[in-house]
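Hello,

Here is the structure you asked to look over.

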Amino acid sequence: MPKIAIITINYNDKTGLEKTIKSVIGQTFTDYEFLVIDGGSNDGSKEVIAQYASNIHYWVSEKDSGVYNAQNKGIKASNSEFVIFMNAGDVFEDAKVLEVVAPQLTSDYDICYGNNYKVKENGSKRLKTYPERLDFSFFYTSTLNHQSTFIRKSLFDTYFYYTENFKIASDWEFFIYTICKENVPYKYLNVTICQYDFTGMSSTGKYEEYARIEREQVLQKYFTLFTEDYKRLNTVTSKRVSQFLHLQQFGMPWKLLKGFMSLLLLFVPKMKK
């Protein structure tokens, strides 16, 4: 059984697809499984896949219901211990990434994540690094990128596959659930894994509302009470409250602030005890 499955999904991006394929087959570590899931492209992508078919272990080109449906197809078709998603347009940082990472994918860890470069449409790129310790606070405001994360395939069978009716937040749902609720073992790889195309739908402003709604649904489903407590904690630890507490140390400014607050309270409903 190969240790790593590289899953590439594509729809009508033959240029990005070929770029990704070349990056994958250019790796010095070759004991991997390469799968391409195409959504029935009509831009010449299938011809690109056929051109490199001898380097691809499994591929399909058929209509799907979206990104997460395609990714689930890739997971189910793979026969490896770990999966990583390198979608059309994404590339490994250099030819030795898998050679460096493969020995670190041991039975001790279920999720191994590294750094990545976000590449914008104008070609500029920004390095994204991650903390060694992941917790609810991290996932409340951020996430791991699937282009730089190796996931033990069996986790999907044990817990769940990606939620296919989500547009943006299924991978975030999977990470926050498995790490924060199921406490699966994870490891930070201090390695830059990839350069990923930051022009996809999840990086565009019109999908921000989708992301907000979907994340809220996940939080309410798995972390209802914790989420409400966390919102209150966020308020208590906010910069404005910290400034408020700082003023308590100083006599006159504190008296003035209390007097002003008392005045303001005359114009609002009384606080509930």
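E33 touches P2, I4, A5, I6, H57, A77, S78, N79 and S80, leaving aside residues up to four places away in sequence. Please keep in mind that this is a predicted model. E33 lies in strand β2, residues 32–38. The residue is buried yet has no salt bridge. K153 is the nearest side chain of opposite charge, and it is 7.1 Å away; a salt bridge would need a side-chain nitrogen of Lys or Arg within 4 Å of a carboxyl oxygen, so K153 does not qualify as a partner. The side chain of E33 does reach the backbone nitrogen of N79, at 2.8 Å.

On salt bridges, the count for the model comes to five. Three of them are described here.

R152 pairs with E81, with 3.9 Å between the closest N and O atoms. This pair links distant parts of the chain: R152 is in strand β8 (residues 149–152), E81 is in the loop between α3 (67–77) and β4 (82–85), and 71 residues separate them. R152 is buried, at a relative accessible area of 14%, whereas E81 is partly exposed at 28%.

R133 forms a salt bridge with D135, where the closest N and O atoms are 2.7 Å apart. R133 is exposed, with a relative accessible area of 58%, and D135 is partly exposed, with 24%.

E209 and R212 meet in a salt bridge of 2.6 Å, N to O. At 41% relative accessibility E209 counts as partly exposed, as does R212 with a relative accessible area of 47%. Both residues lie in helix α8 (residues 208–222), three residues apart, or about one turn of the helix. Elsewhere, salt bridges that share partners join E81, D110 and R152 into one network.

Next, helix α7. It has 12 residues and reaches 16 Å from its first C-alpha to its last, close to the 16 Å expected at 1.5 Å a residue. The helix is mostly covered, with 10 of its 12 residues buried; among them are W172, F174, F175 and Y177, along with the charged residues D171 and E173.

After α7 comes N183, whose phi is positive, near 55 degrees, in a residue other than glycine. N183 sits in the loop between α7 (170–181) and β9 (186–197) and is exposed, at 63% relative accessibility.

N12 also has a positive phi, about 55 degrees, although it is not a glycine. Its place is the loop between β1 (4–10) and α1 (14–25), and it is partly exposed, with a relative accessible area of 28%.

Regards

Conventions. Residues are numbered from 1 along each chain as its sequence is written. This is a predicted model: local features need pLDDT of at least 70, side-chain atom pairs count only at pLDDT 80 or more; totals for chains, interfaces and linings use all residues. Side-chain values use heavy atoms; hydrogens and water are left out. Helices (H or I, at least four residues) and strands (E, at least two) are DSSP runs, numbered from the N terminus. Buried means under 20% relative accessible area, exposed over 50%, partly exposed in between (1.4 Å probe, protein chains only). A polar contact is a pair of N or O atoms within 3.5 Å; within protein, one must be able to donate a hydrogen and the other to accept it, and residues adjacent in sequence count only if both atoms are side-chain atoms. Contact means heavy atoms within 4.5 Å. The expected span of a helix is 1.5 Å times one less than its number of residues.
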